[in-house]
Amino acid sequence: MKKIFFTLMLAFACMSAYAQKPVVLVDWFYAADGVAEAHEEALRGAVIANIDRIGRLQLVDVESQYTMDREAQRRATEAAMADPTARAGEMKTTGAQYLLTGNISKMDAVYKVPTDGTSPYWAGAIVYSLTLINAADGTTVGTKSYTYEGLTGNTGSTKDEAIVSTIKKTKQSMDDFVNEFFPLKGAIVELGEGKGAKVKTCYINLGTDHGITAKQKLDVFQVKSIAGRETENAIAVLTVAEVVAPDLALCNVTSGAKEVYEAFQAGAEMRVKTKKDSAVGSALKGFFAM
């Protein structure tokens with residue numbers, strides 16, 4: 001496999017500056033027969049770039065940790081390559097807490113001739129999955145599968161162009177992947193502007209150190225104790241207006257202004273977590289993403 005030149009975080013010295021972010025080692029991706037090496041590398045590169053763009057994780061590319069000879073030895077051991085959990089112990093030597101690997105089932109395109117007389121085109125079709133492994137014990141944290149074809153794929157005037165265009169679909173998918181497995185968690189620490197019993201803005205204890213960005217949405221949960229058990233009740237939604245410090249961000253209260261004010265005045269604990277898109281919302285965004 002050729003080197004990917006945008007390899008991330010080559011030196012372990014870089015890790016100390018982001019110690020508060022989870023460290024994820026990105027493994028090689030394994031592709032089914034018929035998948036072109038260039039397309040395999042392009043998809044892996046897009047996954048890395050779009051996860052790194054979010055800024056919530058510290059990524060380490062496995063290609064920066066092992067020589068090509070070492071990779072060849074691994075590929076010679078088919079059983080080991082097929083079971084990434086068996087390698088988790090070895091991956092701990094990189095300082096990573098997680099191992100991310102991918103399996104590509106399909107990267108192809110279909111030639112389409114419209115019946116309405118418009119020009120023929122190629123429709124991309126990509127199917128792959130990502131598996132997140134806990135490096136401490138080799139257990140699988142989770143696996144997500146992605147399919148971009150038909151209405152959810154992209155098109156092109158050539159087969160290669162359609163495949164490359166469809167790879168762009170990874171942007172929204174990686175947003176969802178990171179939000180699901182690495183949600184931001186923090187708390188409201190101070191109220192900002194308001195009117196009467198409604199608050200317009202507030203401050204949370206998440207900032208640049210945590211990879212939070214402007215326009216990001218978060219759910220607010222009021223913490224209560226019921227029968228000796230802790231519960232969380234969703235009361236509001238925040239939108240990050242400005243990241244002002246490594247551990248501080250100003251947010252607009254986009255819903256639940258009264259509930260946030262009353263909970264804060266009562267001294268209740270309010271936690272914030274990355275807002276997950278609804279299944280319908282994600283599907284629609286995936287449909288319109290280019």
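The strands E7-E10-E13-E12-E11-E14, in that order, form a closed barrel of six with antiparallel pairing, where strands (E, at least two residues) and helices (H or I, at least four) are DSSP runs numbered from the N terminus, and two strands pair if DSSP finds at least two bridges between them. From one strand to the next the twist averages 45°. This is a predicted model, in which local features need pLDDT of at least 70 and side-chain atom pairs count only at pLDDT 80 or more, while totals for chains, interfaces and linings use all residues. Residues are numbered from 1 along each chain as its sequence is written, and side-chain values use heavy atoms, with hydrogens and water left out.

Strand E11 (residues 217–226) pairs with strand E12 (residues 229–245) in the antiparallel sense over 10 bridges, and Asp219 stands opposite Val237 in E12. The hairpin of E11 and E12 has two residues between the strands, and in this hairpin Ala227 takes a positive phi near 55°. A hairpin also leads from E12 to E13, through two residues; E12 and strand E13 (residues 248–255) run antiparallel and are joined by seven bridges. Within this pairing, Thr239 stands opposite Asn252, and Val240 has Cys251 as its bridge partner.

Helix H8 (residues 257–265) lies across E7 (185–191), E11, E12, E13 and E14 (270–274), running at about 80° to E7; such angles run from 0 to 180 degrees between N-to-C directions, and axes are lines fitted to C-alpha atoms, for helices over the stretch in contact.

The axes of H2 (residues 37–54) and H7 (residues 170–181) come within 9 Å and cross at roughly 55°, so the two helices are oblique to each other, the class left over when angles under 35 degrees count as roughly parallel, over 145 as roughly antiparallel and 65 to 115 as roughly perpendicular. Leu43, Ala46, Val47, Asn50, Ile51, Arg53 and Ile54 of H2 make the contact with Thr170, Lys171, Met174, Asp175 and Val178 of H7, contact meaning heavy atoms within 4.5 Å.

Confidence remains to be considered. The protein chain averages a pLDDT (the predictor's confidence in each residue, from 0 to 100) of 82, and 78% of the residues score at least 70. Over residues 1–19, however, the pLDDT is below 50, and this stretch has 41 contacts in the model beyond near neighbours in sequence. Residues 278–290 also stay under 50 in pLDDT, and for them the model has 12 contacts beyond four places in sequence.
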